[in-house]
Amino acid sequence: MEQDGTHKKNKTVLKNGRIVTMNPAGDVVQADLFIHSGKIAKIGKISETDADVIDCSGLLILPGFVQMHVHLCQTLFRGRADDLELLDWLQKRVWPYEAALDAEAMRASARLGIAELIKGGTTCILDMGSVRHYDVVFDELAQSGLRAFGGKCMMDHPETVPDTLRENCDESLAESEWLGQTWDGYDHQRLRYAVTPRFAISCTDELLIDSSKLARDHGYLLHTHSSENRDEMSLIARRAGCGNVEFLHRLGLTGPDVILAHCIWLNSAEKRLMEETHTGEAHCPSSNLKLASGIAPVYDYLQHGVRVGLGADGAPCNNNLDMFVEMRLAALLQKARFGASALKAKDVLRMATHGGAEALNLGDHIGSLEVGKKADIIGILDETVSTVPMNDPYSQLVYASSSRDVMFNMVDGRLLMRNRDLLSVDEQQTIALAKSEIKRVLDRMQA
Ligand SMILES: [Zn+2]
């Protein structure tokens, strides 16, 4: 794949790729794709002469992956919280690490996560931060070119949150509002604010209620974890006398502007609530298995019209941020649970692209390759020893391709990676910074 010259007149032609459009008709076409001012202007035979031309022969061209649930603040803790269930994982490992992050360590963590996401073909994320330093995460997202929804996490419960991370309800809301005012809409809506109370256990009723009001006052997305682990469910049952989703629903945290991560342990009334309120679900199969949380019945959710997308969750519970791994696992798990014909490759790829975009209410702008949509596009090697001979592109992409086959990544028509070289992030510097900053975090924890 070669790129001819620099960005001429904001026009790019992706020449002669095999385009997996993910449009409603499911078209896969051998064609050129013309990008003008960050949007897809034409798909077909393009003879534009004053555009950058990228030779895409030998590539599958796809809409970029949408990851519905990640934690950039945790990337530095990769490999440091293995073999634990959720509540121990949080209380013994992840919260102490988060409490020890200063602004520079947060910057290193975010940059490392962003670099991994871009290299693996992700173009859009929904990110939940830690309680502090989310401004730094937005700053890194701004520079990287990645599309993102994100917000500082909110935690104020006096009995469950350690002193080092516990916030005052009003101050948590005020900081969220300030971050939203500062960053929401940045770079033509590339960055959006999301109000992100961590999970019901870590928040007072007051904080949960007020965060849903804050989100609705400003038109922000609401994002939290729900029904991930059985011990979490017992704590909520003791506190509220109902399931986690029902509890969130009572406090205003369901609706088409809400994304709940995990949703493993829902009763049938709660499944109906998800459907009736059009609440989105972020499915994170690797994380759910590694923390021994369970298997979310996403095939069932999809059959009932629930909007479901995929996410890697954080590096310490995965330990990668790799959409290919999540796609493959998502398919295999539903087959184990519902039978071999459940969740076909095309349905999984849809969850990873247009499904996620729809759940984020961005389905009209990203998630498929159609004229008028934003040019969030990736190119993946068509033929490798691990993938040939191709029968069906969806099968190949979900079951056989890997993140290392992603050759370019583009958001709003801007190349973030070309020939596997990152263009907006310095890869070697990012690796060096991650190593030095985790050392500083560990030193602080031992001091
Ligand atoms: Zn999470």
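Helix H15, which runs over residues 427-446, has 20 residues and reaches 29 Å from its first C-alpha to its last, close to the 28 Å expected at 1.5 Å a residue; the expected span is taken as 1.5 Å times one less than the number of residues in the helix. Helices (H or I, at least four residues) and strands (E, at least two) are DSSP runs, numbered from the N terminus. This is a predicted model, in which local features need pLDDT of at least 70 and side-chain atom pairs count only at pLDDT 80 or more, whereas totals for chains, interfaces and linings use all residues. Residues are numbered from 1 along each chain as its sequence is written.

Within H15, the buried residues are Ala434, Glu437, Ile438 and Val441, where buried means that 20 or more other C-beta atoms, placed from the backbone, lie within 10 Å of a residue's own, exposed means 12 or fewer, and partly exposed covers the values in between. The buried residues of H15 pack against helix H1 (86-99) and helix H2 (103-119). On the face of H15 turned away from the buried side are the exposed residues Gln428, Gln429, Ala432, Lys435, Ser436, Lys439, Asp443 and Gln446.

The division into domains gives the next level of the picture. Domain 1 is made of 11-63 + 370-422, and domain 2 of 65-359, with bounds that come from an automatic or database domain assignment. The centres of domain 1 and domain 2, taken over C-alpha atoms, are separated by 28 Å. Contact between them involves 22 residues of domain 1 and 24 residues of domain 2, two residues being in contact if their C-beta atoms, placed from the backbone, lie within 7 Å. On the side of domain 1 that touches domain 2, the elements that give two or more residues are strand E5 (59-63), strand E15 (377-381), helix H14 (393-400), strand E16 (406-411) and strand E17 (414-418). H14 gives the most to this side, with five residues. Sorted by class, this side of domain 1 has 14 nonpolar, five polar and three charged residues; Ala, Val, Leu, Ile, Met, Phe, Trp, Tyr, Cys and Pro count as nonpolar, Asp, Glu, Lys and Arg as charged, and the others, Gly among them, as polar.

The largest one has 144 residues, of which Leu33, Ile61 and Met327 touch the most other members. Its largest share, nine residues, comes from H2. Because domain 1 and domain 2 both give residues to this core, it lies between them. Leaving aside neighbours within four places in sequence, Met327 is in contact with Leu310, Val348, Leu349, Ala352 and Val398.

Helix H12 (residues 323-338) holds Lys335, which is partly exposed because it has 15 other C-beta atoms within 10 Å. With neighbours within four places in sequence left aside, Lys335 is in contact with Ala340, Ala342 and Leu343. Lys335 and Pro316 are 19 residues apart in sequence and, C-alpha to C-alpha, 26 Å apart in space.

Several backbone details may also be followed in the loops. The peptide bond from Asn318 to Asn319 is cis, with omega near 10°, and Asn319 lies in the loop between strand E14 (308-310) and H12. A cis peptide bond also runs from Val388 to Pro389, with omega near -5°, and Pro389 is found in the loop between E15 and H14. Ser227, a residue other than glycine, has a positive phi near 55°; Ser227 is in the loop between strand E11 (221-226) and helix H7 (230-240), and counts as buried because it has 29 C-beta neighbours inside 10 Å. Asn419, which is not a glycine either, has a positive phi of about 50° and is found in the loop between E17 and strand E18 (421-422), but Asn419 is partly exposed, with 13 other C-beta atoms within 10 Å.

Notes
Core = buried A, V, L, I, M, F, W, Y, C linked by C-beta atoms within 7 Å.
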